[in-house]
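I opened the model to look up its sheets, its helix contacts and the surroundings of its ligand. My entries follow in the order I made them.

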Amino acid sequence: MHPLRTLVIELYDKQVIQVGSFKLKSGITSPIYIDLRVTISYPSLLRQVVACLQDICRSLSYDILCGVPYTALPFATLLSVENSVPMVMRRKEVKDYGTKKAIEGVFQPNQTCLIIEDLITSGSSVLETLEPLVKEGLVVKDVVVLLDREQGGKDNLRKHNIQLHSVLKMTDILEILKDSGRLSADKVAELFEYFHSTQVSSNSSIPSGMASHNLSFEQRLSMIRNKVGRRLLEIVLKKQSNLAVAADVTTSQELLSIASQVGPHICVLKTHVDIIEDWNETVCEQLVHLAKSHQFLIFEDRKFADIGNTVELQFTGGIFHISQWADIVNAHIIAGPGTIQALRKASEHCGILLLAQMSSKGNLAVEEYTQKAIQFAKQYEDAVFGFISMGCIGEPNFIYFTPGVKLEKGGDSLGQQYTDPKTVIGIQKSDIAIVGRGIIHASDRKEAALTYQKACWDAYVQRIGK
Ligand SMILES: O=c1ccn([C@@H]2O[C@H](COP(=O)(O)O)[C@@H](O)[C@H]2O)c(=O)[nH]1
């Protein structure tokens, strides 16, 4: 008998594969449950599982192995011993004492790590393991699983440039159980129907819908239609900085002082001009002068959201005359395309970003909203050159700006949620990290800006594999 057929039948007979009604980790109810933890109680079964994984591992190249905790740990351990390849382990709970390591074991940055998993549904457990590995500088290209439930995991991993290799697919299992008489043809037809109609999105901290291009800024320069977007990439490349600073201060003196301190290290200075108590034309001129001499763009984070007519007045008039000095502004899409049309009509030299996602807890920019923002951006690509998003959510001809970035994870008391530069740029594949209080509240803002500049740029360089 074919070894895979023998394996499936044995898995069924030992009740590793069960048919009924089960709630999975992803929250969905499934008519099949597969508990591969049981294999540790049957050494010969465990040996068969590992031999099948080994057949795939043999064709891949890697320096180190990592099993997704807990079920895949014995599989990875046996593969490690069998192949004399070192192994690392991800901690599910990071200790708040001692070394506080997320990854245990000895490894070097840039080593290639092969992830071993027992089965995959959405891929979220694999992505939870991927995140700390990448943060430690390991390169992950492949994941080997015993079973792919064929419910979206492969595509979810592909979005992160990870290739899934599976020993068995759910389709194979159902066919074998039918042919061997373990399940009736009717039952198998019913199960097929369930698996084909139930796809699960990944619920890892890495948002779903993250796109997977891995082009460099140089390669993307000619793809950007809007000239402010192209100018931004030129600055990014020249200064080797994909850092934007959010200068959320309330006096013009502080704003100008921040602009001159962090100016050499940033590509964009983000303002909230309506929080400056003493804004006037001279301050505006000084800010524009600093932007020219240090070569950064000014992004007024006005978040326009009204009907087109009002937005036009807000953009061009009032006491701020934003259209006269801002290089970049942003807009919500809640009021429809009129907001974008008004901004585009009022100024040719200002590029637009659309808010497609937000960093704050409980925000309402859900998947459908994000997709609508992408659709609007494509429609107005001459004026819209990018997004406020939590990472790369679309194609390489747009630029992705992510706020809520800080070296220390956590949040504030009003719903802000922070992610570190390595995750935002390296894993979530954003382009520009927006850092506010991480720099503004530092005792030495210049030094902090340099630290963030380096962290964001290194994450970019590592991501594109330069
Ligand atoms: O979803 C969003 C959109 C915009 N912001 C802005 O970014 C900065 C973040 O400042 P921190 O001090 O780093 O928290 C701030 O100006 C926000 O208005 C955002 O945080 N989230």
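I counted two strands as paired if DSSP finds at least two bridges between them. Helices (H or I, at least four residues) and strands (E, at least two) are DSSP runs, numbered from the N terminus.

This is a predicted model, in which local features need pLDDT of at least 70, side-chain atom pairs count only at pLDDT 80 or more, and totals for chains, interfaces and linings use all residues. Residues are numbered from 1 along each chain as its sequence is written.

**Overview.** I found 18 helices and 18 strands in the protein. Of its 466 residues, 43% are buried. Buried means that 20 or more other C-beta atoms lie within 10 Å of a residue's own; 12 or fewer is exposed, in between is partly exposed, and C-beta atoms are placed from the backbone. I also looked at contacts between residues at least 6 apart in sequence: 66% of them join residues at least 24 apart. A contact needs C-beta atoms, placed from the backbone, within 7 Å.

**The six-stranded sheet.** I traced an open sheet in the order β5-β4-β3-β6-β7-β8, with mixed pairing. Which strands stand at the edges? They are β5 (103-104) and β8 (163-169); each has a single partner strand, so one side of each is left without a neighbour in the sheet. Inside the sheet, β3 (64-67) pairs with β4 (87-90) in the parallel sense over three bridges. Gly67 sits opposite Met89 of β4 there.

Next I checked the helices on this sheet. α6 packs on it, touching β7 and β8, and its direction makes about 5° with that of β8. α4 (124-135) lies across β3, β4, β5, β6 (112-120) and β7 (139-148), and runs at about 165° to β6. Axes are lines fitted to C-alpha atoms, for helices over the stretch in contact, and angles run from 0 to 180 degrees between N-to-C directions.

**α1 on α6.** α1 (3-13) packs against α6 (170-179) at about 80°, with the axes 10 Å apart. That angle makes the two helices roughly perpendicular. My cut-offs: under 35 degrees is roughly parallel, over 145 roughly antiparallel, 65 to 115 roughly perpendicular and the rest oblique. Leu4, Arg5, Val8, Ile9 and Tyr12 of α1 meet Asp172, Ile173, Ile176 and Leu177 of α6. By class I get seven nonpolar, no polar and two charged. Nonpolar covers Ala, Val, Leu, Ile, Met, Phe, Trp, Tyr, Cys and Pro; charged covers Asp, Glu, Lys and Arg; the others, Gly among them, are polar.

**α10 on α11.** Here α10 (252-262) and α11 (281-294) pack at about 10°, axes 10 Å apart. So α10 is roughly parallel to α11. α10 brings Ser252, Leu255, Leu256, Ala259 and Ser260; α11 brings Val283, Gln286, Leu287 and Leu290. This contact has six nonpolar, three polar and no charged residues.

**Strand β12.** In β12 (328-331), Ile328 and Asn330 point one way, Val329 and Ala331 the other, and all are buried. β11 (297-304) runs parallel to β12 and is joined to it by three bridges. Phe299 stands opposite Ile328. β13 (351-355) pairs with β12 in the parallel sense over four bridges. Val329 stands opposite Ile352.

**Ligand shell.** Which residues come nearest the ligand? Of the 16 around it, these are Ala246, Met358, Pro403, Gly436 and Arg437. Near means a C-beta atom, placed from the backbone, within 6 Å. β18 (432-435) and α17 (437-440) each supply at least two shell residues. I sorted the shell into six nonpolar, seven polar and three charged.

Definitions and conventions:
Contact = placed C-beta atoms within 7 Å.
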